[in-house]
Each structure stands twice: as C-alpha cells, then as structure tokens.
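User: I am new to this structure. Can you walk me through the terms used for it?

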Amino acid sequence: MAKSTTSTATLSLTGITKRFAGVAALTDVDFEVRPGEVHALLGENGAGKSTLMNVATGTYQPDAGTITFEGQPIGTLTPKLASKLGIAIVHQHPAVLPDLSVEDNLRASLPDKFFTPARDAKKIATELLAGVGLDVDLRDRVEDLSVAQTHLLEIAKAFALKPRLMILDEPTAPLGKEAVDLLFSRVRAEVKAGVAVVYITHRLAEVREMADRVTVLRDGKMRGVSEVAKITDEELLTMIIGRELEHTFPAKSSKPGDVNLRLTGFSGKGFTNVSIESRRGEILGISGVVGNGQSDFMKTLAGLENFSGTVEVGGTALSSRELLRRSAYLPADRLHEGLAMTLSVRENAAILALRKFTNVKLISAPKENKTVLATLNELAVKAPSADANVSALSGGNQQKVVMARALLSEPLIVVADEPTQGVDVGARAEIYRLLREISESGVPVIVNSSDAKELEGLCDQVIVMSRGHVVDSLRGKDLTEARMIKSAVTATTQSVSVIDGSYGARKTSGFSRFLSGDYAPSALLVVLMVVLGGFILSQNGKYLNEFNINSILGLATALGFIAIGQTIALLIGGIDLSVGPLAGLLVVIASFFINDGSPLGSILTGLGLMLVVALLVGLLNGSMIRYLKFTAIAATLTMYIALQGFSFLLRDAPDGYISADVSGLITSKVGPIPVAFLILAIVAVVLEWALRNRRWGWNLRATGSNEESARRIGINVNRTMIMAYVWSSFFAFAGAIYLLAQLGVGDPKQGVNYTLSSITAVVLGGTSLLGGRGSFLGTVLGAVLLIQVMNAIVFLGLTDMWTYVFQGLLILVAAIVYSVARNRQKQKGRA
Amino acid sequence: MTQTETGSRVLKASRFRLSKGLLTMAISLAVLFVLSATLAPSSVSVNVVSSWLQFSAILAIIGLGQMLVVQQGGIDLSVAGAVSLAIVVSSQVPNGHDDGIPLAIVYGLAYAIGAGLLNAFLIGFLKLNAIIATLGTNALLFGAVLMVSGGIPQISTQLLQDLAGGDTFGIPNSMYVALVVLLIVVVVSKKTVAGRRFEMVGANPRAGKAMGLRVRSHEGLSYVWAQILYWLAGFLIAGITTQPTAYMGNAYLLPSVAVVVLGGTSLLGGRGYPVATFVAALFLKQLDQFVISLGVPYAVQTIVQAAALAIGVAIYTVNWRSVRTRISSLVAGKPKAAPAAS
C-alpha cells in the first residue's frame with residue numbers, strides 16, 4: 001500500500017487479524033481510505049467485509065493490527081469513540097424504532113445540539129429527509145414505511161452527523177433507480193467536501209460509477225487494492241473468486257431420471273416468475289448475493305407464503321397448503337425457525353413422524369426410540385444423549401437433527417436454506433452426502449446457499465437470482481463459481497418491490513394517521529364518557545351534582561396516579577404487577593406516622609419513608625428483571641406477594657387513623673373538583689409533553705419499541721428499563737398519598753385491587769402492552785371512564801353483577817378495537 | 001455409513017430423567033417435612049395432613065390448568081373468576097337437592113368451555129395480549145358469578161359434601177381426583193401426538209409454524225383445557241367448604257402462577273413439568289401449614305412464599321454457569337470479552 005499520498009489517510013487499518021473461536025475471519029488485512037475518496041470494498045458472501053467494517057467502527061476489537069485515524073494512532077477503538085471521531089455506518093439492517101414517528105426516530109437517534117433551536121426541529125428534520133429524497137410525513141410511524149424508505153431514513157441519520165468517514169454497507173439493495181441516483185449525488189457532494197467513504201457492494205457497475213479505488217477480500221485475506229480506472233472487470237472477478245475447496249463433494253448425478261419438479265411462472269413475495277425443471281437424482285441450487293429473494297423463494301416453496309404460478313412435484317400440482325404439510329423445510333435461521341431449543345434431540349427429530357409410533361392412540365416409547373435413534377445414528381449426530389436439549393449441540397449437529405426430522409417425516413420435497421451455515425467442516429460432508437441420497441431416492445432437493453463454491457460442488461443445476469429475478473441458469477460445465485458470481489455482480493435488475501410499486505411515496509391522509517395515532521383512543525374515551533354521562537343524566541337528574549362529581553374524580557385520582565406509573569412500565573414493554581400492594585403498603589406505613597396530633601416532623605418522616613420504600617421497590621423490580629433475567633411478570637408477582645406480606649406484618653388488622661387535618665389538606669377542592677385531580681391532570685400533561693419532546697420520552701418509547709435498535713442508537717437500555725420501574729413505583733407513591741386520605745386508616749387488605757384496575761385504565765387509554773406506544777392523557781381518561789362506569793351502576797340502580805360485566809366488556813372491546821385498527825393500518829402500510 | 005469413530009458415538013436414549021424442577025421441589029418438600037416434624041409437630045398431625053392433602057389437591061388441579069396456558073407462552077388471570085363461578089354453580093344449581101348435581105355439572109362445564117373458547121378466540125385468533133384478554137374474561141366470569149348466586153351463598157348438597165369432602169382409605173377424595181388429573185395431563189402431553197405437538201408449538205411457535213403445525217389452535221385450546229380444570233377444582237371446593245362464598249377463587253390466582261413457576265415451567269413457554277407442578281402445590285400448602293403451626297402471623301407466611309418464589313425463579317432463570325465464570329474471571333483479574341461470530 002505504498003502509494004504516494006498527498007493527504008493523510010482518514011482511516012488506516014494495518015495488519016488486522018480477527019479470530020472467532022479460533023477461526024480466522026480476517027488475516028493480516030491492510031485497508032486505508034483517504035479524504036475525498038470513495039473506496040469500494042468487494043468480496044464474496046462471508047469474505048470478511050462486514051467483520052472488517054465492524055473493526056473500523058469499534059464493534060469488534062482486532063486480535064492484532066493497528067488503527068490510525070487522521071494520522072493519530074488509536075489504541076482501543078470503541079463504538080463511542082468511533083462516533084466521536086466522526087465514523088458513521090449505514091447498516092444493511094437499519095436501526096430504526098418501528099413504533100415511533102419519523103421525526104421522533106431522528107430526534108431519538110441524533111444529538112440534541114443538532115436540533116437547536118428546538119422550535120426549528122421540524123424544519124431541520126424536513127431538510128434532512130429532503131436531502132436523501134425521502135418523501136414521507138414527519139408524523140408517519142416508521143412501522144408503516146416501506147423497506148426502501150426505512151433505508152433512506154437510516155442514510156439520512158448518517159448524513160446528518162456530518163461524519164469524517166462514512167461506511168455504506170450495500171446501501172442500494174432495496175432502492176429504486178431514482179433513489180440510487182439521488183444517493184450517489186449526495187455521496188459525491190460529501191466526498192467533494194473532503195469526507196472519506198467506504199462503499200461495500202457486490203455490483204461491479206456501482207464500483208465503476210462511484211469508487212476511486214477498490215479493495216478485494218477473499219477468505220478474510222487481502223486479494224489486492226487498485227485504482228478503479230486501472231483494473232478491468234475480468235481482473236476484479238479473478239480476485240473475488242477462487243476460494244480453496246475445503247472438502248470433497250459426493251459424485252453428481254450420472255443418469256438423471258424423469259422430471260420430478262417443475263416450477264412454472266412461480267412468483268411470490270420478493271421474487272418473480274421462476275420457471276425451472278429438475279430431474280430425479282438432481283440437486284437444484286439457488287445462488288446470488290444474500291438478500292436477493294432467495295430466502296423468500298425458499299419460504300414460499302416450503303408453503304409458508306402464498307404464490308402464483310404452479311409447483312408440480314412428481315407430476316402433481318401442489319397448493320401452498322399441501323407444500324406446508326408435505327415439504328421438509330430446513331430453515332436458515334435454525335435458532336428461531338428450525339428447532340425448539342428447550343426440547344430434547346429426540347423430541348425435535350420425532351415431531352413430524354409421531355403418528356408412525358402410536359399403539360392405539362398412545363406413542364410407544366420403544367417404537368419411537370428405535371426409529372428415531374436409528375435415523376439419528378445414521379446421520380452420526382453427536383450428542384450427550386438423545387434426551388439432551390438440542391441447545392447443547394454444536395451447529396452442525398443441530399442441523400443434522402433438523403435433517404433427521406426431515407427424513408423421518410417422509411417428505412415430498414426437501415427445501416434446504418443455507419444447510420451448512422454455522423456447520424463445521426466434518427459435518428458438512430455428511431450433510432452433502434445426505435442431500436445427495438435424498439435426491440437419489442426420488443425426492444426433489446432444492447438448496448439455497450450464499451457459498452457459490454458449495455453450490456458448484458453439490459448441485460447439478462443452479463439458478464442465479466438478483467433482486468428477485470432469475471438472471472442466469474447454469475448446468476454442466478457452465479456450473480462454476482465464476483459464472484455464478486459474474487451473473488450476480490453484473491446484474492442490473494431492479495428490486496421486485498420496486499417494480500411492484502410498493503416502493504415510493506405512500507401518502508397517508510390526516511384522518512387515517514389520527515386513527516392509528518396515539519390519541520385516537522383518547523378521543524374515543526371522551527365520546528364514550530359524554531354519551532354515558534348524558535344517558536345517566538337523562539335517567540337521574542342528580543348525576544351532575546357537586547358531591548358525585550367530586551366522588552368520581554376523587555376515586556379517579558388515586559387510580560390515575562398509579563395507572564400513570566403502570567403506563568411507564570408498559571411503554572418499555574414490561575408490566576408492573578406490584579403497584580397495587582405497594583400503594584397499600586405505603587398507606588399502612590403512613591398510618592404509623594401521620595395521625596391526629598402527630599408533629600410535623602413525624603409526618604415528614606412518614607412521607608420520606610414512603611418515598612424511600614417506593615423507590616427501593618422500583619429499583620428491586622428493575623434489577624430483578626435486568627440483572628437476574630426474571631420475566632417482568634415473575635419479578636413483579638414475587639414483589640406483589642412480598643409487599644402484601646409486609647403490609648400484614650406491619651398491621652394485621654385495620655388500625656392507625658390518618659390525621660384529619662392532613663386528609664383534609666389532601667382532599668381539598670376547587671368547586672367540585674379535587675385539587676389532587678387538577679395536579680394529576682397537570683402531571684399527565686407535562687409527562688405527555690416530555691414523552692413526545694424530551695429525550696426521556698424517546699428513550700422510553702425507543703426501548704419498548706425495539707430493544708436492539710435502541711441499544712444500537714446509543715440508548716442505555718438497562719438504565720432506561722430500571723428507571724422505568726422506579727418511576728412506576730414513584731407514581732404508586734403519589735397515588736398512595738391520595739389513597740391514605742381516602743381510606744383514612746392503615747388497612748393491610750387495601751390497595752391490591754389497583755394492580756388490575758391500573759392495567760385496565762392503561763389499556764383503555766390505548767397504551768400497547770407490547771411497548772413503544774402509549775399516552776398518559778389516555779391513561780388518565782381511562783381511569784376516569786372506569787370510575788364513571790362503576791359509579792353509573794349505582795346511579796342506574798343496577799346490581800353488582802353489572803359492575804363486572806361492564807368492566808369486562810370495556811376492556812375486551814377496547815383491546816379488540818385498538819388491535820384491529822392497528823392491524824388494518826399495518827396491512828395498508830405493507831400493501 | 002461412514003462410521004469413522006468407534007461405537008462410542010452411537011446415540012442412546014436415557015430413560016427416567018428427573019427434571020431440575022421436580023428434583024428441586026421434591027428435595028424442598030422433604031426438607032420442609034423434616035423441619036415441620038421437628039419444629040412444629042402439630043403441622044404433621046393426622047388431621048392437619050388430611051386437610052393439607054385436600055387443599056394441595058385443589059391447588060394442584062388449578063396449577064396444572066395454569067401450566068398448560070403458560071406452556072403456550074400465555075398467562076391466565078381468569079382463574080379467579082372461573083373457580084368462583086364453578087363453586088357457585090355447583091352449590092346454587094342443585095339448590096340443596098342431590099339429584100341436581102348432574103345438571104350442575106353440565107352447566108358448570110358449559111360455562112367453563114364457553115369461557116375457554118372466549119379466551120381462545122381472543123388470544124389464539126385475534127392475537128390479543130393474554131393479560132388483557134383474561135383480565136376481561138375474568139370480569140365477565142365474576143359478572144356470571146353474581147348472576148348465578150345473586151350474592152347469596154347456598155349450602156352444598158350432602159352428596160357433593162360426601163363426594164368432594166370425604167375420605168377413602170384415609171386419604172381425601174379430592175387427592176385421588178388430583179392424581180387422576182395429573183395422570184391424564186402427563187399421558188396426554190407426553191404420550192399422544194397432539195400433546196407432543198402442543199409442547200413443540202409452545203417451545204417455539206415460529207418453528208412450529210414452519211413445520212406446518214397448527215400453532216393458533218394449540219395456543220387457543222390451552223385456555224379451554226385450563227378452564228375445564230378450573231371447573232373441576234371449583235366443583236371440589238364447593239363440596240369441601242360446605243357454604244362457599246362468591247369470591248373464593250381470588251385466593252388461587254397468585255398461587256396458581258407460583259406453583260407453575262416453582263415447578264420449573266418457563267413463563268416464556270415450552271416444556272411443561274406437571275409432576276413438579278403437583279409437588280410444588282404440596283410444597284406451597286405445607287409451607288402454609290408449617291408457618292401457621294409455628295404461630296407466626298399470616299404476614300410471615302406471605303413473605304416466606306414470596307421468598308420461595310424468588311429463589312425458585314432464580315434457580316431456573318439465572319445462568320449460574322456464566323455467573324461462576326464471571327466471578328472466577330473477576331478473581332483472576334482479567335474479564336475476557338468473547339463476541340459472537342458474525
């Protein structure tokens with residue numbers, strides 16, 4: 001790399017070596033990028049490009065090598081330091097928060113100083129989006145954006161930071177032509193201003209269009225670096241391909257039989273118009289750069305998605321449903337789709353063949369063991385025992401368990417997606433042999449692999465896909481790694497979604513945005529309250545008298561405060577079952593300190609103690625969940641029981657009358673309205689504002705929306721979650737203050753009901769139990785409506801039964817209406 | 001077959017595996033018994049043991065129902081309403097006449113299956129959150145409780161008292177019923193095709209879907225099976241406590257979740273441990289008896305329960321191996337970061 005450089009390199013990596021569990025991912029790699037330069041990074045799937053960039057952004061620490069940034073040697077590069085230095089990366093998988101609006105996504109991800117003055121925030125955000133040609137409303141939820149729009153948002157975030165070095169990881173994959181042109185012109189402008197750009201791509205055409213220099217990696221090693229103008233496509237291809245073969249493949253089909261698989265005009269989500277025939281004894285391979293529709297194709301062939309066109313196996317056309325039942329699908333994502341990790345090897349292998357092992361109706365263990373063990377042993381699965389959990393096995397042996405399940409199920413067709421990913425070399429050879437045996441037995445075998453060399457060795461026929469289209473079909477002596485890669489990297493097709501028209505500006509009307517927004521439930525609740533109130537008033541003229549209004553709002557005050565705390569717990573995707581008993585315990589504590597005639601000091605001590613206990617409980621809840629990995633239900637249920645115990649420990653029967661003066665102060669009112677309710681309303685408004693406009697609120701919603709993305713944009717997830725439980729307890733404390741005046745005595749039995757009613761109020765207010773979206777105003781309205789309904793029972797002279805019936809219907813109808821509205825909006829967004 | 005190594009790698013099935021949950025609960029129960037016998041002998045007297053078995057049986061049946069729901073990654077808060085409704089139907093419908101019992105059974109089961117189907121529809125089909133849906137169903141069930149009872153308790157019929165509250169060979173009848181329920185749950189979930197698929201779907205719904213299993217049906221129906229067990233428990237309670245009140249089911253909500261968790265079934269779903277859940281019910285009830293016999297207040301009993309639950313969850317969820325390695329690496333001085341391979 002001894003090129004004469006007039007300027008200092010922006011980033012220079014020398015002699016980088018990185019190993020994972022002893023396997024070298026990078027060996028002695030040099031890479032540098034200069035200011036005002038676009039440096040393309042080329043290489044096959046798994047050549048080490050992403051690993052190298054993870055080293056460059058501080059995500060991985062190299063085992064050897066040095067990093068220099070603008071002439072300064074960097075000892076240890078951390079993600080934090082990297083972003084401080086001005087290194088920005090646009091990942092293939094955007095770190096966005098689906099439940100937040102476009103504007104909130106930008107504000108949550110970017111530093112505050114970026115949006116100063118705050119009143120210009122909208123204008124600044126709009127300019128950012130315009131800069132990358134993203135034409136969406138700032139108020140749209142990111143969940144409703146298309147894949148391409150989400151990518152543009154991610155790119156906008158990277159540009160906003162005005163980085164010194166920008167890494168673009170296959171940025172054009174989901175984009176249409178216009179967006180790509182716009183992106184390129186933006187990149188060129190940045191480069192002109194002296195920014196250094198690393199551009200990872202698989203497309204030679206893009207390298208020619210954008211890059212000044214190109215570095216090629218293969219097998220984690222440097223293959224060369226050159227100025228783009230001085231190298232031909234053929235020379236580049238030679239550098240990319242030619243990996244060493246690590247293992248032998250079984251012999252290919254010598255005498256193919258009749259056609260046993262025929263796809264005609266096979267189209268589905270993410271790919272289109274695949275027509276191909278395969279013969280008995282042949283293995284069909286699917287090649288291409290990862291993420292070009294291959295996995296969608298495999299999923300659809302396994303019957304998991306609907307398709308158009310026909311699939312004939314052995315001369316019979318199969319529907320999607322039949323494919324689902326009769327195909328053996330080996331998913332690429334074994335962990336999530338392939339195996340139940342907490343079940344045993346035997347249970348996983350046998351699951352689709354159980355009917356074969358039954359005597360009368362019961363599964364016979366000897367029969368099951370005999371057949372399943374025979375298959376497992378034939379596949380040479382290595383495990384401590386057949387009853388060991390699958391999670392204890394190596395990747396290769398797990399894949400063999402999936403294959404054993406496939407074999408035992410006697411499938412019509414085998415669909416293997418990345419069957420050797422994460423599998424050790426020894427097990428690979430056995431997997432190849434098995435796939436060959438299945439194929440020879442007459443069952444069509446389709447293999448998708450990101451490893452072209454593997455397909456060259458294994459398959460009799462390979463189709464190459466690019467952005468959802470078949471761009472080449474190879475057989476015989478044409479079936480080589482070189483041809484596959486050439487077809488993939490020289491393809492210029494546009495993504496299927498681009499052609500479908502699902503890319504591009506989808507405009508949402510103001511009304512439908514409101515319906516899917518956070519305030520639709522609140523509006524609904526207000527309408528319900530007015531209708532209900534009007535009806536009761538028509539039945540009973542005393543309904544709106546001062547006493548009744550005061551009583552409704554008073555009851556709603558305690559519930560409202562506690563429910564606000566619950567809202568915070570739900571916003572982060574958790575739940576706090578302990579709020580009810582906590583409020584009860586705090587009142588019991590108060591009953592020892594705040595009595596008639598207590599000195600001020602005693603009253604203050606009581607309040608202080610209540611606050612300390614509340615905060616401690618919140619801290620404990622949060623720590624159990626984050627550090628001991630309890631589920632939120634288990635942790636707060638344990639706390640629920642314990643707090644109840646402490647209440648009874650302090651008072652086994654109601655005692656300790658609360659000071660009338662203090663009660664009077666707490667329950668003082670303005671006209672018919674309790675002062676405490678006014679405080680509740682102000683608190684809700686302030687919190688609501690903070691939830692939308694302050695980092696506190698973005699962090700809460702971001703964490704609940706997508707923990708992983710939240711972490712990637714730099715939110716301290718642990719602290720956010722633990723603090724959420726502390727806040728939840730704090731508001732239980734606020735509720736308890738009103739409750740102590742209302743109850744007037746330390747009663748250990750009181751309070752527990754607030755757990756379930758607080759959840760009810762929050763759900764009525766439209767806060768999602770999945771986290772990420774909600775509203776404090778809605779919660780307070782929910783609390784008032786709930787109390788109003790209880791109160792209505794009395795006024796209408798109905799029996800207690802109706803209390804429960806109304807309560808049940810209210811929560812169910814609200815849950816159904818909100819969830820149906822949300823799903824419809826989602827489907828519209830995806831259509 | 002390219003067998004390159006010796007026969008030592010031939011896979012065998014190991015039978016009679018004892019789950020961690022069962023082992024933990026069995027040892028805990030044994031220790032508790034020794035403690036009870038030495039520190040509070042009255043807690044292991046014949047009368048106390050008999051009532052212990054009776055109430056353990058009820059909790060075990062309810063706990064097994066909750067376990068089926070938890071296995072599908074859900075949670076059932078409608079336990080309270082369901083048990084209460086079963087109790088009032090079993091005592092109100094016969095109105096003191098023994099020949100009304102069959103009708104009470106029919107009504108009770110019909111309500112139970114109806115409530116189960118409602119939950120199944122809301123959670124399996126509409127994909128509502130289990131907490132919200134069962135909270136709503138619970139309120140509706142209490143509405144039905146008050147509709148049936150009118151708020152006035154009714155004495156159970158003599159036959160029901162004899163059947164549910166009686167003894168056979170010195171052991172309460174309810175315990176026999178609980179054992180039969182346990183046997184059925186074990187056999188159906190471990191020995192039938194449907195049961196094995198049920199566990200698979202609960203352990204990994206996405207994998208179940210990719211295999212073509214009926215994920216929604218299994219998930220939804222778990223609530224129906226649970227309701228049937230709640231009904232059975234309520235029916236027995238009606239016989240045991242001759243004059244039942246309308247809200248007796250409330251006392252079972254938290255313990256039902258506690259025994260499931262103590263038995264080792266993960267709240268995230270997957271494999272169920274029916275025997276361990278059963279033993280956990282015995283343990284929790286004996287803990288009550290022990291603490292009562294010691295003469296300490298009800299409060300301590302509750303706190304001990306919470307502590308047992310916390311320790312129980314910690315045993316199953318905390319990754320003790322990683323804790324040990326972290327501690328030892330801290331002692332050694334150099335914590336080693338090992339990022340996952342890309």
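What follows is a short exchange on the cores and the interface.

Analyst: This is a predicted model, where local features need pLDDT of at least 70, side-chain atom pairs count only at pLDDT 80 or more, and totals for chains, interfaces and linings use all residues. Residues are numbered from 1 along each chain as its sequence is written, chains are lettered from A and ligands numbered from 1 in the order written, and side-chain values use heavy atoms, without hydrogens and water.

User: What makes a set of residues a nonpolar core?

Analyst: Its members are buried Ala, Val, Leu, Ile, Met, Phe, Trp, Tyr and Cys residues joined through side-chain atoms within 4.5 Å. Buried means under 20% relative accessible area (1.4 Å probe, protein chains only). The largest such core has 195 residues, and A:Leu586 and B:Phe283 touch the most other members. A second, separate core of 116 residues includes A:Phe184 and A:Ala349.

User: Which residues is A:Leu586 in contact with, beyond four places in sequence?

Analyst: Contact means heavy atoms within 4.5 Å. A:Met610, A:Val613, A:Ala614, A:Ala732, A:Phe733 and A:Ala736 meet that limit with A:Leu586.

User: Why is the pair B:Arg271 and A:Glu347 called a salt bridge?

Analyst: The term asks for a side-chain nitrogen of Lys or Arg within 4 Å of a carboxyl oxygen of Asp or Glu. The closest N and O atoms of B:Arg271 and A:Glu347 are 3.1 Å apart, so the pair qualifies. Four salt bridges are counted between chain A and chain B.

User: How many residues of each chain are in contact across the interface?

Analyst: 82 residues of chain A are in contact with 71 residues of chain B.

Key
Buried means under 20% relative accessible area, exposed over 50%, partly exposed in between (1.4 Å probe, protein chains only).
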